[in-house]
Amino acid sequence: STSSADADCLFCKIVAGHVPADVVASSERVIAFRDIAPQAPVHVLVVPKEHYGDVAVLAASDPALLAEVVALADEVAGELSDGQFRLIFNNGPHAGQSVFHVHGHVISGARLGWTPA
Ligand code: 5GP
Ligand code: ZN
């Protein structure tokens, strides 16, 4: 873990291996694991190993790391489906964010409709 890891953060615990997860891919600074409640044939969460609260903070703090998140999402979609995917960041509780460690939802493996609300 890193000095920025939050002892009470679920995704920091997954990164540290203290909570089990179905890891499907990883790079030096990013990990990808299956969502526990999948909403599509492929539903994977792509998470920087370092703790940032949301995607806006990540983009402002380390844009290269955000680019690594997008690159790992692309890799996951290429390995688990046809390579096409939707990447969703819920930013803030009113947008549906429930875990406050930034994560991109990779949604893939089906023809996707558009019903965000
Ligand atoms: P959010 O609502 O913050 O955008 O997304 C959080 C996601 O984390 C949800 O889709 C939820 O199903 C998933 N999730 C919550 N707890 C766990 C867990 O313990 N393990 C895994 N793999 N996913 C989780
Ligand atoms: Zn965290």
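Of the 117 residues of the protein chain, 30% count as buried. The model is predicted, and the values given here are computed from it. A residue counts as buried when 20 or more other C-beta atoms lie within 10 Å of its own.

Consider the overall dimensions next. Along the principal axes, the C-alpha atoms of the protein chain fill a box of roughly 40 × 30 × 25 Å. The radius of gyration is 13 Å, and because a compact globule with 117 residues would have a value near 13 Å, the chain agrees with that expectation. Among the contacts with a separation of 6 or more, 55% come from residues 24 or more positions apart.

The protein chain contains 3 helices and 5 strands. Read along the sequence, these elements follow the pattern α-β-β-β-α-α-β-β.

The strands form an open sheet of 5 strands, in the order S1-S2-S3-S5-S4, with antiparallel pairing. Strand S1 (23-26) and strand S4 (85-88) stand at the edges of this sheet; each has a single partner strand, so one side of each is left without a neighbour in the sheet. Neighbouring strands are turned by 25° against each other on average, direction ignored. Strands of a sheet pair through backbone hydrogen bonds, in either the parallel or the antiparallel sense.

On one side, S2 and S3 run antiparallel and are joined by 5 bridges. Strand S3 (residues 42-48) also pairs with strand S5 (residues 104-108), in the antiparallel sense and over 5 bridges. Val 44 in S3 can be followed in both directions: Arg 34 stands opposite Val 44, and in S5 the bridge partner of Val 44 is Val 106.

Helix H3 lies across S1, strand S2 (30-34), S3, S4 and S5. Relative to S3, helix H3 runs at about 155°.

Terms used. Residues are numbered from 1 along each chain as its sequence is written. Chains are lettered from A and ligands numbered from 1 in the order in which they are written. This is a predicted model: local features need pLDDT of at least 70, side-chain atom pairs count only at pLDDT 80 or more; totals for chains, interfaces and linings use all residues. Two strands pair if DSSP finds at least two bridges between them. Helices (H or I, at least four residues) and strands (E, at least two) are DSSP runs, numbered from the N terminus. Axes are lines fitted to C-alpha atoms, for helices over the stretch in contact, and angles run from 0 to 180 degrees between N-to-C directions. Two residues are in contact if their C-beta atoms, placed from the backbone, lie within 7 Å. The radius of gyration is taken over C-alpha atoms; the globule rule is 2.2 Å times the number of residues to the power 0.38. A residue is buried if 20 or more other C-beta atoms lie within 10 Å of its own, exposed if 12 or fewer, and partly exposed in between; C-beta atoms are placed from the backbone.
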